[in-house]
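Colleague: Could you walk me through the pockets and a helix pair in this model? I would like to know what the terms mean as we go.

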Amino acid sequence: MENMMHLAAQYLATAGISFLEKKKDDSHTNLGFDANTGYLETWPLNDNGFKIALDYVQFSLHWISNDTTRMTIYLDGKSHREIVKWIKEVTKTLGASKTYSYKLHYELPYGKMTDDFVFSKPLQDDLDKMLGYRKIAQRALESVVNKMMLSTTIRVWPHHFDTGGYEIIGTSNPIGVGFGMAIPDSIIDDFYLYTSGYKGHESIDTSEFDAITYGDWMNEDFKGAVLPMKNVDEAMAITFFNESISKIVQ
């Protein structure tokens with residue numbers, strides 16, 4: 001179910017690639033998530049605040065300026081060719097110096113996109129579930145970042161489609177901490193929260209860490225804490241991040 005949303009998010013990523021200044025960390029491609037509207041959004045694509053948004057509930061793309069939807073394309077039954085044509089039309093507003101192009105510099109696990117690929121809307125229950133998970137993660141992460149006075153932003157990275165942040169914590173013994181929500185993958189076949197720590201480029205060994213209230217420590221290919229999203233609410237997510245981050249940097 002998540003593959004259709006993951007693929008649809010690439011239109012936002014490629015808009016960032018087409019119109020924004022390239023960043024070394026690829027952050028020009030990452031996306032914001034508005035837990036109130038349920039939209040994934042590009043960075044503003046020009047000084048007038050034009051954005052492209054992906055709407056979970058409607059399974060659609062919106063062309064937005066000043067928080068107002070100007071045009072919408074519903075993705076169900078639309079081909080890749082039709083969607084690219086629509087984006088090229090709406091982004092003409094941005095001027096003639098740059099044009100939209102669907103070009104990714106990373107590979108997705110679904111094979112190469114073709115012009116004839118047709119999107120199909122996931123079941124509404126599945127869309128609602130994915131949206132609910134994204135909201136819980138976003139609000140919990142924002143709460144933790146604010147209370148811990150961290151500087152990281154919480155963004156959705158279109159390659160792996162994870163919501164996450166990263167912070168270097170400490171000065172005398174700095175530790176890098178990554179935390180967020182991942183979609184089902186080889187680690188866990190479910191949406192899950194994660195926290196991991198790094199000293200330099202080395203993952204921190206978690207084999208001796210004390211248990212946390214929610215979730216478990218892993219110490220094999222992935223070293224860190226994980227918590228499957230099923231039955232997790234915002235309070236549980238906040239507890240997971242608070243405890244796992246604190247134990248990694250202690």
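Modeller: On a 1 Å grid over the protein atoms alone, a pocket is an open set of points where a 1.4 Å probe fits, with protein on both sides within 12 Å along at least five of seven lines. Grid points are joined across faces, edges and corners, and a volume is the space filled by probe spheres set on the points. This is a predicted model, where local features need pLDDT of at least 70 and side-chain atom pairs pLDDT 80 or more, while totals for chains, interfaces and linings use all residues. Residues are numbered from 1 along each chain, and side-chain values use heavy atoms, without hydrogens and water.

Colleague: What volume does the largest pocket have?

Modeller: Its lining (residues with an atom within 4 Å of a point) has 24 residues, with Trp157, Asp162, Gly164, Gly165 and Tyr194 nearest the centre. The volume of the largest pocket is about 670 Å³.

Colleague: Which strands each supply at least two residues of that lining?

Modeller: Strands here are DSSP E runs of at least two residues, and helices are H or I runs of at least four, numbered from the N terminus. The strands you want are β6 (155-157), β7 (162-169), β8 (175-182) and β9 (192-199).

Colleague: Is α3 parallel, perpendicular or oblique to α4?

Modeller: α3 (residues 124-148) and α4 (residues 234-249) pack at about 45°, with axes 9 Å apart. Axes are lines fitted to C-alpha atoms over the stretch in contact, and angles run from 0 to 180 degrees between N-to-C directions. Under 35 degrees is roughly parallel, over 145 roughly antiparallel, 65 to 115 roughly perpendicular and the rest oblique, so α3 to α4 is oblique.
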